[in-house]
Amino acid sequence: MQTIAFMSYKGGAGKTTSLMLVASVLNQRGKRVALLDADENRPLEAWRTYAINNGTWDDEKLKVWKAGEESDLEQALEGAEAESFDYALVDTKGGGSDLNQTILLNCDLIIIPTDLCVSELDEALKTLEYVHRLLKNAKMDIPTGFLLNRTPLEDEKFAAAEREGMVLMQQFPMFAARLPTHRVIKDIKGSGPLNRYYDVLKSSPGKRFRAPQVQVALSHGETLTDEILSNLSTTEAA
């Protein structure tokens, strides 16, 4: 089982939304995904509740574990391994903590979501500094990269401040895939896994017209997931 941590010092950076989108794509591909909820607000448990109400949850291939304490994290990882899950996606707590350190030192890939506004970039760089310092002290090398979200897919559509931010970010490891501002992605918490939400919409004559937008959102998630899996494959080979 490979473990991916979504990390940010700042709330609202997009870590949970990004995790949910990747989980949707992995679920669409038939993978079993353990969702470890270390965020004190328990957004993944809320996601599951909304999804059950919408008929979009998959209890066989998606399972949420509470991971707000180190003992919970240990039980969650052991449980997911024992149940032969393919991937564990961890929604970390905000800021630095002993729990976050344990999560980061036990994962295979670290993703730091951010957009290109100045306040978000400041927090993202603080997060990267924290991760690098932790890994250096532990003498570990775990792939870490920024994920741009709420960002235009084409550079020519950047505002002036976003161009400046992009120049700054290119000095650091960054995923090529970007997640644009998209209503379906923004509202993913209320819909549940997007692949199953798409199926629900397609089967309802009154809601079918909304399905293409979900498909577009999923396509962005597929691009990101392909890149994540490529990074994991490289790590495993090394």
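**Exercise 1. Describe the largest pocket of this predicted model by its volume, its central residues and the elements that line it.**

Solution. Begin with the volume, which for the largest pocket comes to about 480 Å³. Next, look towards the centre: the lining counts 25 residues, and those closest to the centre are Gly12, Gly14, Lys15, Thr17 and Arg150. Then assign the lining to secondary structure, where helix 1 (15-28) and helix 7 (183-186) each contribute at least two residues. Helix 1 gives the largest share of this lining, with five residues.

**Exercise 2. Work out which elements and residue classes line the second largest pocket.**

Solution. The volume of the second largest pocket is about 170 Å³. Its lining can be traced in the structure through residues that include Asn54, Arg183, Val184, Asp187, Ile188, Leu194, Tyr197 and Arg210. Grouped by element, two or more lining residues come from each of helix 7, helix 8 (188-191) and helix 9 (194-202). Grouped by class, the lining of the second largest pocket holds six nonpolar residues, together with three polar and three charged ones.

**Exercise 3. Give the strand order of the sheet, and explain why one side of strand 3 and of strand 7 is left without a neighbour.**

Solution. First write down the order, which is 3-2-4-1-5-6-7 in an open sheet of seven strands with parallel pairing. Strand 3 (62-66) and strand 7 (174-179) stand at the edges and have a single partner strand each, so on one side each of them lacks a neighbour in the sheet. As for the geometry, neighbouring strands are turned against each other by 25 degrees on average, with direction ignored.

For a closer look at one pair, take strand 1 (residues 2-6) and strand 5 (residues 109-114), which run parallel and are joined by three bridges; Phe6 has Ile111 of strand 5 as its bridge partner. Helix 2 (residues 43-54) packs on the sheet, where it touches strand 2 (33-37), strand 3 and strand 4 (87-91), and its direction makes about 125 degrees with that of strand 2.

**Exercise 4. Find where in the chain the confidence is lowest and where it is highest.**

Solution. Start from the chain as a whole, whose pLDDT averages 92, with 98% of the residues scoring at least 70. Turning to the elements, the lowest confidence falls in helix 6 (residues 160-169), with a mean of 84, whereas the highest is found in strand 2, at 98.

How values were computed
Residues numbered from 1 in each chain as written. Predicted model: local features only at pLDDT ≥ 70, side-chain atom pairs only at ≥ 80, totals over all residues. Heavy atoms only, no water. Pairing = 2+ DSSP bridges. Helix = DSSP H or I, 4+ residues; strand = E, 2+ residues; numbered from the N terminus. Axes fitted to C-alpha atoms, helices over the stretch in contact; angles between N-to-C directions. Contact = heavy atoms within 4.5 Å. 1 Å grid on protein atoms, 1.4 Å probe; cavity = no way out; pocket = protein on both sides within 12 Å on 5 of 7 lines; lining within 4 Å. Points joined across faces, edges and corners; volume = space filled by probe spheres on them. Nonpolar A, V, L, I, M, F, W, Y, C, P; charged D, E, K, R; others polar. pLDDT = per-residue confidence, 0-100.
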